[in-house]
Amino acid sequence: MKKIGFLSFGHWNPSPQSGTRSAAEVLHQTIDLAIAAEELGADGAYVRVHHFAQQLGSPFPLLAAMGAKTRRIELGTGVIDMRYENPLYMAEDAGSADLISGGRLQLGISRGSPEQVIDGWRHFGYAPAPGKSEEDMARRHAEVFLNVLEGQGFAQPSPRPMFPNPPGLLRLEPYSAGLRERIWWGAASNATAEWAARHGMNLQSSTLKQDESGQPFHIQQAEQIRAYRAAWQEAGHPREPRVSVSRSIFALVNDQDRLYFGRQQGQDQFGLIDQYRAVFGRSYAAEPDRLIEELRQDEAIAEADTLLLTIPNQLGVDYNAHLIESILTHVAPGLGWR
């Protein structure tokens, strides 16, 4: 068995060809797709977070709405850029959304991805400490976030509070028990995956990573996952970690599928991103029988317990629900995922 969810970038565009022409449309459609995916038997509804872009930027109102409209499906992010975050305020938002959902949040956080603007986090009021990098700042914000999610009191209560306080130091409220174990780190390298393991976070690995060996993407990603699990075991955490990978996978079952995705390239790509060499994983698009055989060869998918299907959200709720259903119905059983 493997958990299968979708990952939406949440694009909108005023073009007449777009199925999401405004922020309002993409927000409402994301909620509707989460409902549809749950009804189809999918396990997760995840959203990307990008600032200064016509995409989803502030995830917690959306996650809370998705949580109120669904009952079973996991709700997550992939990923929240911690360079932009006040970790204490984020913990309050996350606690509220998690309580609304009944404890179904699976929050992916990370250093973030290439930005739309130069040093966008500075506009949010953040800057690295002297001698530190923006990566250091993101990890420091993440560590503070993880600490406050433990639920321990740390703030000295006022001697003249507006409302009566419980005894001892105060923690942030609302507190949602168990959320700390449902935080994931989006890692682009083996080293950051190992760092995430030491800090007791689950692992998210996307469709690109740093090129550390020149080998095919899925082999490098599988090695990253194995390095993460080894570091987790060495750290001695008492629970089993979770690992997700994301993929663009399209089962071609009708003419519309073939029109949209029949010419997808099935090759990895190597290039520069943020001044380091990266490998971008291939897309999969084929008839179900061929797709099953191709996916059997993907070592990283085999290593992961969760697969996130990246979706073309601008094609609308109905078509994206069809894409998810096609994987669940025509592909997953043949691979033993269902």
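Residues are numbered from 1 along each chain as its sequence is written. Since the model is predicted, local features need pLDDT of at least 70 and side-chain atom pairs count only at pLDDT 80 or more, while totals for chains, interfaces and linings use all residues; side-chain values rest on heavy atoms, with hydrogens and water left out.

**Aromatic pairs**

Let's start with the rings. Rings of Phe, Tyr and Trp (its six-membered ring) pair if their centres lie within 6.5 Å; planes under 30 degrees apart count as stacked, over 60 as edge-to-face and the rest as tilted. By this rule there are seven aromatic pairs. Here are two of them, with their geometry:

| Pair | Centre to centre | Angle between planes | Type |
|---|---|---|---|
| Tyr-228 and Trp-232 | 6.0 Å | 50 degrees | tilted |
| Tyr-260 and Tyr-319 | 5.2 Å | 70 degrees | edge-to-face |

Tyr-228 and Trp-232 sit four residues apart in helix α7, so about one helical turn separates them. (Helices here are DSSP runs of H or I with at least four residues, strands are runs of E with at least two, and both are numbered from the N terminus.) Tyr-228 and Trp-232 are both buried, where buried means under 20% relative accessible area, exposed over 50%, and partly exposed in between (1.4 Å probe, protein chains only).

Tyr-319 counts as buried at 7% relative accessibility, whereas Tyr-260 is partly exposed at 38%. Ring pairs also tie Tyr-260 and Tyr-319 into a cluster with Phe-250 and Phe-261.

**Around helix α6**

Helix α6 (residues 190-198) has Asn-190, Thr-192, Ala-193, Trp-195, Ala-196 and Ala-197 as its buried residues. Their cover includes α5 (134-149), β5 (183-186), β6 (202-205), β7 (208-210) and α7. Arg-139 lies over the face of Trp-195, 5.6 Å from the ring centre; a charge sits over a ring if NZ of Lys or CZ of Arg is within 6 Å of the ring centre and within 35 degrees of the ring normal. Just after α6, Gly-200 takes a positive phi of about 70 degrees.

What does Trp-185 touch, leaving out residues up to four places away in sequence? Its partners include Arg-139, Thr-192, Trp-195 and Ala-196, with contact meaning heavy atoms within 4.5 Å. Trp-185 is in strand β5 and counts as buried at 1% relative accessibility.

**His-218**

Back in α7 (residues 217-235), we find His-218. His-218 is buried, with a relative accessible area of 19%. Beyond its neighbours within four places in sequence, His-218 contacts Arg-247, Gln-297, Asp-298, Glu-299 and Ala-300.

Which residues does the cis peptide bond with omega of about 5 degrees join? Those are Gly-78 and Val-79, and Val-79 lies in strand β3 (residues 74-81). The Glu-173 to Pro-174 bond is cis as well, with omega near 0 degrees, and Pro-174 is in the loop between α5 and β5.

Asp-119 isn't a glycine, yet its phi is positive at about 50 degrees. Asp-119 lies in the loop between β4 (105-110) and α4 (120-123) and is partly exposed at 28%. Phe-52, also not a glycine, has a positive phi near 60 degrees; its place is in the loop between β2 (44-47) and α2 (59-69), and it is partly exposed at 42%.
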